[in-house]
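Here is a short briefing for a first look at this structure. Keep the view open while reading.

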Amino acid sequence: MRLCFLVEEHYRYDGMPLEVVRQLTAWGHRVDVVWPGSSLVSVSEAVGAGGHDAWVLKTVSGGPGLTLLEAAAAVGLTTVNDARAIRGVRDKVLAAAIGSARGLPMPRTYAAARPESLAEIPEAEFPLVVKPADGSSGRAVRLVSSPDLLTGPGAKPTGEGMLIAQPYVANSGIDLKVYCVGGELYATERSSPLHPDKPVRERRVPLSAEVGRIAAEAGAVFGLDLYGVDVLLGPDGPVIVDVNDFPSFRQVPDAAARVGRAVLELARRGPSGAGTMAVVPARTRARVAEAVPASAGEGR
């Protein structure tokens with residue numbers, strides 16, 4: 001197969017997805033890597049000619065690669081994930097609206113272009129978690145305890161896109177990240193960016209039936225095949241606080257090979273078909289992966 005990976009400069013030296021590229025190349029497939037932030041791309045030749053079996057995107061939110069992926073999808077080419085599904089999770093305002101409307105357990109979400117506008121949120125909703133609507137990797141996430149701190153140090157300058165705010169979900173300070181690759185679900189725990197005083201060694205952990213069901217449902221709701229779901233175990237049960245397309249897959253065993261096989265399978269199946277954003281069907285049905293080996297508790 002011939003594949004095109006769109007990789008943001010941010011991931012030039014990152015293990016994911018370059019390890020996947022190396023794995024696919026070792027299997028005999030041709031993989032072209034395009035750096036959309038610094039490369040000149042001939043849209044007519046690269047996209048219009050349809051010379052690749054699938055296009056794969058690994059960029060930061062707001063990066064230029066998504067436009068190229070959408071261009072490939074617009075002319076009927078296969079994309080991983082589906083370009084329409086990616087747009088639905090890259091914008092956190094859109095993701096909150098879709099997830100809540102489809103019954104996913106997500107916090108109440110407020111959106112504003114200016115941080116001072118968030119002061120209109122009822123004080124009973126504080127503390128709030130405030131973050132950019134196009135953020136990723138925990139960037140610029142703040143825990144704001146009261147309205148008077150909304151415009152203090154670290155607040156977003158005016159004119160840089162939307163902000164979202166969600167009531168803080170009380171939790172242990174440990175984030176649960178559930179990855180879906182090849183239709184299988186893997187759970188890992190890690191430190192929360194909101195609780196830097198509670199360091200947690202990242203490791204793979206067992207996945208409960210309830211969290212597994214919610215993670216699988218998130219993939220179906222957003223139409224994603226390769227994805228990650230950030231879950232907090234709150235006092236009223238699991239809560240989804242973020243959904244990511246093509247995450248790092250850290251702690252997933254043999255991640256490069258598993259992701260590589262999943263990309264090839266999705267490429268063979270072809271486009272997911274007609275549809276609109278947020279109702280694009282995922283091409284795989286997620287299931288809980290095999291049990292966590294005993295060594296996983298040691299972080300190996």
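The model is predicted. The chain holds 7 helices and 14 strands. Of its 300 residues, 51% are buried.

**Whole chain**

- The 7 helices and 14 strands belong to one chain.
- Buried residues account for 51% of that chain's 300 residues.
- Take the contacts between residues at least 6 apart in sequence: 68% of them join residues at least 24 apart.

**A sheet of 4 strands**

- Four strands form an open sheet in the order E5-E8-E6-E7.
- Their pairing is antiparallel.
- Strand E5 (110-112) and strand E7 (142-144) stand at the edges.
- Each edge strand has a single partner, so one side of each has no neighbour in the sheet.
- On average, neighbouring strands of this sheet are turned by 30° against each other, direction ignored.
- In general, the strands of a sheet pair through backbone hydrogen bonds, either parallel or antiparallel.
- E5 and strand E8 (residues 163-167) run antiparallel and are joined by 3 bridges.
- In this pair, Tyr110 stands opposite Ala165 of E8.

**Helices H1 and H7**

- Helix H1 covers residues 15-26, and helix H7 covers residues 255-269.
- Their axes come within 8 Å of each other and cross at roughly 70°.
- That angle makes H1 roughly perpendicular to H7.
- The crossing of H1 past H7 is right-handed.
- On the H1 side, the contact is made by Met16, Glu19, Val20, Gln23 and Leu24.
- On the H7 side, Ala255, Ala256, Ala257, Val259, Gly260 and Leu264 make the contact.

**Salt bridges**

- The whole structure has 17 salt bridges.
- Asp82 pairs with Arg84 in a salt bridge, with the closest N and O atoms 2.8 Å apart.
- Asp82 has a relative accessible area of 7%, under the 20% limit, so Asp82 counts as buried.
- Arg84 is partly exposed, at 24% relative accessibility.
- Asp230 and Lys177 form a salt bridge too, and their closest N and O atoms are 2.8 Å apart.
- Asp230 lies in strand E12 (residues 227-234) and Lys177 in strand E9 (residues 174-181), so this pair ties together parts 53 residues apart in sequence.
- Asp230 is buried, with a relative accessible area of 10%.
- Lys177 is buried as well, at 5% relative accessibility.
- Arg203 and Glu189 meet through their side chains in a salt bridge of 2.8 Å, N to O.
- This pair links distant parts of the chain, 14 residues apart: Arg203 is in strand E11 (residues 203-205) and Glu189 in strand E10 (residues 184-191).
- Arg203 is partly exposed, at 26% relative accessibility.
- Glu189 is buried, with a relative accessible area of 15%.
- Arg2, Arg30 and Asp32 belong to one network, joined by salt bridges that share partners.

Definitions and conventions. Residues are numbered from 1 along each chain as its sequence is written. This is a predicted model: local features need pLDDT of at least 70, side-chain atom pairs count only at pLDDT 80 or more; totals for chains, interfaces and linings use all residues. Side-chain values use heavy atoms; hydrogens and water are left out. Two strands pair if DSSP finds at least two bridges between them. Helices (H or I, at least four residues) and strands (E, at least two) are DSSP runs, numbered from the N terminus. Axes are lines fitted to C-alpha atoms, for helices over the stretch in contact, and angles run from 0 to 180 degrees between N-to-C directions. A salt bridge is a side-chain nitrogen of Lys or Arg within 4 Å of a carboxyl oxygen of Asp or Glu. Buried means under 20% relative accessible area, exposed over 50%, partly exposed in between (1.4 Å probe, protein chains only). Angles under 35 degrees count as roughly parallel, over 145 as roughly antiparallel, 65 to 115 as roughly perpendicular and the rest as oblique. A crossing is left-handed if the near helix is turned anticlockwise from the far one by less than a right angle, and right-handed if clockwise. Contact means heavy atoms within 4.5 Å.
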